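Here is a short note for a colleague who is meeting this structure for the first time. Have the sequence and the 3D view open as you read, and take the points in any order you like.

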Amino acid sequence: MLEFILARGNYWVIVALMMTGLYISFSAQNLIKRLVGLSVFQTSVFLFYITLGKVAGGTAPILIGEDLAGHHGAGHEEDAAHGTAAAGHEAPVETPAAPHVETEPVVEVDPETGEPIADPTAIDPAAELAPDAVDPGHSDIPPLQGEDASLMGEPLEDGVTETSDYVLSGHDGAADALHQAAESSLHSVYSNPLPHVLILTAIVVGVATLAVGLALIVRIREAYGTIEADEVRNIDIDVALEEEEAEDAAAEGAA
Amino acid sequence: MIESILTHLAPAWAIAHAAPLLVVAPLVVATALVFVPSGRLAWLISILTTGASLFFALILLALVQADTVTLAALADAGIQTNMLREGVVSYAIGGWAPPVGIEFRIDALNAMILLLVTFIGTLASVFSWPTVNAEIRTEKQNLFYGAYLVCFAGLAGVAITGDAFNLFVFLEISSISTYVLVALGAGRDRRALPAAFNYLVMGTIGATFYVIGVGFLFAATGTLNMADYTALLPELVGNRTVQAGFAFIIIGLGLKAAMWPLHQWLPNAYAYAPSFVTTFLAATATKVALYALIRFLFTVFSPAYTFETASFDWLIAPLAIAAMVACSFQAVFQTDVRRTLAYSSVAQVGYMLLGVSLASVFGVSAGLLHLMNHALMKGGLFMAMAGIVLTYQGTTLRDFAGLGRSAPWTMTAFAICALSLIGVPLTAGFQSKLMLLQATFTAGWWWASGVIVFSSVLAVIYMGRILEAVFFKAPENPRKVRKEAPLLLLIPLWVLALANLWIGLDASFPYDLARNAAEAVIGVGGQQ
C-alpha cells in the first residue's frame with residue numbers, strides 16, 4: 001500500500017496543487033490571488049501532461065552520444081516517427097535502470113572528471129567501431145556526453161556494442177537493415193515529446209490568459225478603486241440601489 | 001441548388017483549400033487590422049473577411065452534401081476536393097497525414113455549425129458599425145474589429161477541427177478575445193470589467209477541465225485525433241481513465257456552453273458587453289461549445305457506452321430541465337431587458353441539451369434545429385436591443401415603455417423574434433419546440449414534454465412583460481420622440497426577423513440540415 005502511494009508521488013503532488021489552485025480561485029476575494037490560484041491550477045495540469053510523457057530514465061529527444069554516431073550512419077529521415085516508437089519500445093526494458101540512476105552521485109562525478117566510471121567505457125567501443133562519426137561529437141560537446149552517460153547509468157555498457165553492431169550492418173548496405181538500425185540504434189531513451197509540445201502550447205495560452213486577467217484587474221482598480229471582489233460587488237449594489245431610488249423619485253415627481 | 005457553387009462559382013483553389021482558409025483568413029486579417037488607421041475601414045475589411053468565410057462555409061456545405069455524380073465531375077475537372085468518403089471532407093494541415101498531423105474534418109454537423117457561425121458573423125459585421133462607433137473610442141475601433149475577427153476565427157476553428165487538443169487551442173483563442181471584447185463594454189458601464197474578469201476565471205477553469213479530460217484520453221489511447229478515438233475507445237469502455245476523461249470533458253465544455261448550473265458567467269457578461277458583442281456571442285459562442293459537446297458525446301464517445309447513457313439520464317437531462325425551469329423563473333424577475341434575454345438564453349440551452357440527451361436521431365435533430373433557430377431569434381432580439389441602446393440609451397423595462405410607438409420598425413422585428421422565442425405558431429421557435437415535444441413523446445419522456453410546455457408559459461410571461469411595456473404603455477419619458485434605429489441596423493435585424501417567419505412557414509431547409517447532422521453523428525456512433 002505504501003509502495004503504491006510512493007510510486008505515484010507525481011500524481012499526489014498534481015492532485016494537491018490542483019485542489020489548492022481551485023480552492024484559491026474560488027475562495028479568495030482578492031482578484032490577484034484568484035489569478036494566482038488559477039495559475040497554480042493550470043500548472044498542475046502542465047505537470048500532469050509532463051508526467052504522462054515521462055519515460056523512466058529518459059532524456060530530451062535530441063541526438064547525443066552514441067545516437068549521433070548511429071544516426072550518422074543511418075540517415076536523417078526517421079527521427080520523428082521512429083523516435084516515439086523507439087522510446088515506447090525501450091521504455092519497459094530500461095525501466096529497471098531507473099532506480100540506479102539517482103541524480104546525487106551523477107552530480108558529484110561530473111565536476112571531478114578525474115576518473116569518470118561510465119564515460120570511457122561508454123564512448124571508447126563506439127569510437128573504435130565507427131570512428132568517422134564519433135570524433136566530432138566527442139570533441140564538440142563533451143559536457144553533453146557526460147550528461148548522457150550519467151543519465152543512462154551503467155546499463156549503457158551492454159547496449160553500446162549492440163548498437164554499434166547495428167550501425168555496422170547498416171554500413172554494409174542492406175536497405176531494411178539500415179531501416180532497422182535507424183529504429184533501434186537510437187540508444188538514449190527519451191521521453192515522449194508530444195505532451196511536452198502540447199504543454200508548450202498550453203503554457204502560451206495560460207500566459208495570455210494571465211496577461212488579460214492582470215490587465216482587467218488594472219482596469220477594475222481604475223474604475224472601482226479596489227481589487228477586492230466583495231467590495232466591488234458592494235459598490236455595484238449600492239450604485240444600483242441609488243439609481244433605482246433616483247428613478248423612483250423622478251417618476252413620482254413627474255406624476 | 002447549393003451545388004451550383006461548386007460547379008459555377010467557386011474557383012478550384014477555393015474548393016481544395018476551403019477548410020483552412022475559412023479559419024486562417026480572419027486570423028491573418030485580424031493581425032493586419034492593427035495597422036489600419038480608421039475604424040470604418042476596419043469595419044469594411046471585417047465584413048469582407050467574414051463574408052469570405054461564409055463563402056468557404058457554403059463550399060464546405062456543398063461538398064458535404066454533394067452526391068457522387070458531382071464529385072466525379074469535380075474530379076474529372078481536376079479539382080482536388082479532399083473528400084475522405086461521401087459526406088466527409090478531411091484536410092491534413094501542412095500535408096501531415098491525420099493521426100500524426102492536425103486534421104480539419106467536416107461532416108454534416110460541422111458544415112451546419114460553420115454555416116451558422118459565418119452567417120451570423122457576416123450579418124453581425126454588417127450591422128456593427130453604428131453601434132461600435134457609438135460605444136467604442138475612435139482610436140480603439142480597429143483593434144476592436146481585430147479582436148472580433150480573432151474571436152470569429154476561434155469559433156470557426158472549434159467547429160472545424162478534428163483534433164482534440166487543437167480544439168482546446170481554438171476554444172481559448174475565441175475565449176481570450178471574448179474576455180477582451182466583453183471588457184470593452186466598460187466605456188458605457190464599468191460593471192463590464194468584473195463581469196469580464198469572472199468570465200475569465202470561470203472560462204479558464206472550464207478550458208482547463210477540458211484539457212485534463214483530453215490528457216486522460218491521451219493517456220489511455222495515445223492519440224489526439226477524434227476519428228482515432230472513435231476507433232480505439234470501444235475496447236476501453238470499462239477503463240476508468242477513459243471514464244474520468246469523459247467526466248472532465250463534459251464539465252469543461254458544459255461550462256463553456258452555459259449548461260446549468262455552470263452558467264453564472266453568462267448573464268453579467270451578456271448584460272454589460274458592448275451591444276454588438278452581445279449580439280454576436282449570444283448567437284454563436286454557446287452554440288459552438290454545444291457543438292463541441294455533441295461532437296464528444298456522439299463521435300468520440302458513443303451512446304452505446306453505459307457510462308454515457310447513465311450521464312444522459314442522470315446528469316444532462318436533469319440539468320437541462322433545471323435550466324429550463326430555474327432560468328426562466330429568473331428571467332421573469334429581471335428589470336433589465338438584456339438580463340432577461342441572457343437568462344432566457346441559459347434556459348434555451350436547456351432545450352437543446354434536452355434534445356441531445358434523448359440520444360436519438362430525432363431528439364438530436366430537434367436539439368440542433370432549436371440551436372439554429374435560437375441563434376436566429378436571439379441574434380434578432382439583441383440586434384433590436386442594440387438599436388434601442390443606440391437611440392434611447394436605456395435598457396430597463398421602464399425605458400422600454402412606449403417604444404412601440406417611437407420606433408415601430410425596430411420593435412416590430414423585436415416582437416417577431418420575441419414571439420419566436422415563446423414558440424408561437426408560424427414562427428421558427430414553434431417548429432423546433434414542436435419537434436422537441438414530439439421527440440420527448442416518442443421517447444416516452446412525457447414529464448419532459450410537460451416541462452417544455454411549462455417553460456414556454458414562463459417565456460410568455462417574461463417576454464410578455466416586455467412586449468406589454470413596448471406596445472401598450474405610454475412612454476414615461478416625454479422626450480422620446482419618434483426615432484428609428486439607423487438603416488444599417490434595421491436591414492440585418494429584419495433579415496433575421498424574416499428568417500424566423502420563413503422557417504415558421506417552411507422549416508425544410510434547416511430541418512434537413514439538422515437531420516443530416518444528427519444522422520451523421522449518430523450514424524458514426526451506431527457503427528460501433
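In which loop of chain B does B:Leu426 lie? The answer comes in point 7, after a tour of the two chains.

1. Ground rules. This is a predicted model, in which local features need pLDDT of at least 70 and side-chain atom pairs count only at pLDDT 80 or more, while totals for chains, interfaces and linings use all residues. Residues are numbered from 1 along each chain as its sequence is written, and chains are lettered from A and ligands numbered from 1 in the order in which they are written.

2. Chain A at a glance. Chain A has 13 helices and zero strands; helices (H or I, at least four residues) and strands (E, at least two) are DSSP runs, numbered from the N terminus. Of its 255 residues, 31% count as buried. That word means 20 or more other C-beta atoms within 10 Å of the residue's own, with exposed standing for 12 or fewer and partly exposed for anything in between; the C-beta atoms are placed from the backbone. Two residues are in contact if their C-beta atoms, placed from the backbone in the same way, lie within 7 Å. Among the contacts in chain A with a separation of 6 or more, 77% are between residues 24 or more positions apart.

3. Where the chains meet. On the chain A side 27 residues are in contact with 26 residues of chain B. Helices α3 (31-53), α12 (193-224) and α13 (229-254) of chain A each give two or more residues to this side, and the largest share, 13 residues, comes from α12(A). By class, the chain A side has 18 nonpolar, five polar and four charged residues. Here Ala, Val, Leu, Ile, Met, Phe, Trp, Tyr, Cys and Pro count as nonpolar, Asp, Glu, Lys and Arg as charged, and the others, Gly among them, as polar.

4. The axes of α3(A) and α9 (residues 192-221) of chain B come within 10 Å and cross at roughly 10 degrees. Axes are lines fitted to C-alpha atoms, for helices over the stretch in contact, and angles run from 0 to 180 degrees between N-to-C directions. The two helices are therefore roughly parallel to each other; angles under 35 degrees get that label, while over 145 is roughly antiparallel, 65 to 115 roughly perpendicular and the rest oblique. Residues of α3(A) in this contact include A:Phe41, A:Val45 and A:Phe48, and those of α9(B) include B:Val211, B:Ile212 and B:Phe218. The residues of this contact divide into 13 nonpolar, four polar and one charged.

5. A:Leu38 lies in helix α3 of chain A and counts as buried, with 24 C-beta neighbours inside 10 Å. Leaving aside residues up to four places away in sequence, A:Leu38 touches A:Gly21 and A:Ser25 as well as B:Val201 and B:Thr204. A:Phe26 is twelve residues from A:Leu38 in sequence, and their C-alpha atoms are 9.1 Å apart.

6. Three strands form an open sheet in the order β1-β2-β3 (chain B), with antiparallel pairing; strands pair if DSSP finds at least two bridges between them. β1 (83-85) and β3 (103-106) of chain B stand at the edges with a single partner strand each, so one side of each has no neighbour in the sheet. Elsewhere in chain B, 29 of the 32 residues of α16(B) are buried, so this helix is largely enclosed by the rest of the structure.

7. Backbone details worth a look. Most residues other than glycine have a negative phi, and most peptide bonds are trans. B:Leu426 has a positive phi near 75 degrees, and its place is the loop between α19 (408-422) and α20 (428-442) of chain B. With 14 C-beta neighbours inside 10 Å, B:Leu426 counts as partly exposed. B:Ala359 has a positive phi too, about 60 degrees, and sits in the loop between α15 (337-357) and α16 of chain B; having 22 C-beta neighbours inside 10 Å, B:Ala359 counts as buried.
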